[in-house]
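I opened this notebook to record what I looked up in one protein chain. The entries follow the order in which I worked.

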Amino acid sequence: ESDNRMVLHVKDNIILRDNNNVVIRSSDSDVVVIMISFMKQFIEYSGNVSVAIDFGSMASRRLIDVNACYEHVGESIALALPFFHSFSGCDSTTSFYKKSKLNLFNAWMNSSKCDSITEVFQMLSWQPTLERITGCLLVLESYIADLYGSRHSCTDL
């Protein structure tokens, strides 16, 4: 997916070109999510990196400070975003019926199980093995049941 290739371009700018100020032009919110999720690595490449996204089109165009977004959500949530991005629907996966990324994000943040959901999302973002995926299914099933308003304790879908 071309959205993910932008990460390599940013990395190249930081490491090969010694350019610590990067601006990406995009109107795709997926790019924002992906860039936030890789900020920890960008900062490790160069401690004083600045990444911004020239986002939107025409009258709604604005500059998004990815560093500020990363600081706002924190490292833990940022590292969980790659799985969230694909799980909630992206260019190559379908989304949940009548649920936007914002619906899913708010359900995650407002869940009483936010910490365990975050841990699962992180694990599946960076180290997805069949064994780990199988071990995470109950948390994912519970999250989806809560998303659609299940009033019962979810043990199996």
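**Entry 1: Strand β1**

I worked from a predicted model. I began with strand β1, residues 21-26, where the side chains alternate.

Strand β2, residues 50-55, runs parallel to β1, and 6 bridges join the two. Opposite arginine 25 I found aspartate 54 of β2.

**Entry 2: Helix α2**

Next I examined helix α2, residues 29-37. This helix is mostly covered, with 8 of its 9 residues buried. The buried residues include Val31, Val32, Val33 and Ile34. Asp30 and Ser37 are also buried.

I checked the N-terminal end of α2 and found that aspartate 28 caps it. A side-chain oxygen of aspartate 28 lies 2.9 Å from the backbone nitrogen of aspartate 30.

**Entry 3: A surface patch**

I noted a nonpolar surface patch of about 310 Å², made by Ile15, Leu16 and Tyr45. Tyrosine 45 lies in helix α3, residues 39-45. Its relative accessible area is 34%, so I recorded tyrosine 45 as partly exposed.

**Entry 4: The whole chain**

Finally, I turned to the chain as a whole. I recorded 7 helices and 3 strands, in the order α-β-α-α-β-β-α-α-α-α along the sequence. Of the 157 residues, 41% count as buried. The accessible surface of the chain comes to about 9,200 Å², and carbon and sulfur atoms hold 53% of it.

How values were computed:
Residues are numbered from 1 along each chain as its sequence is written. This is a predicted model: local features need pLDDT of at least 70, side-chain atom pairs count only at pLDDT 80 or more; totals for chains, interfaces and linings use all residues. Side-chain values use heavy atoms; hydrogens and water are left out. Buried means under 20% relative accessible area, exposed over 50%, partly exposed in between (1.4 Å probe, protein chains only). Helices (H or I, at least four residues) and strands (E, at least two) are DSSP runs, numbered from the N terminus. Two strands pair if DSSP finds at least two bridges between them. Patches are made of residues with over 30% relative accessible area and no salt bridge: like charges are joined within 9 Å, nonpolar side chains (Val, Leu, Ile, Met, Phe, Trp, Tyr) within 5 Å. Accessible areas come from the Shrake-Rupley method with a 1.4 Å probe; for residues, only the protein chains shown count as cover. A salt bridge is a side-chain nitrogen of Lys or Arg within 4 Å of a carboxyl oxygen of Asp or Glu. A polar contact is a pair of N or O atoms within 3.5 Å; within protein, one must be able to donate a hydrogen and the other to accept it, and residues adjacent in sequence count only if both atoms are side-chain atoms.
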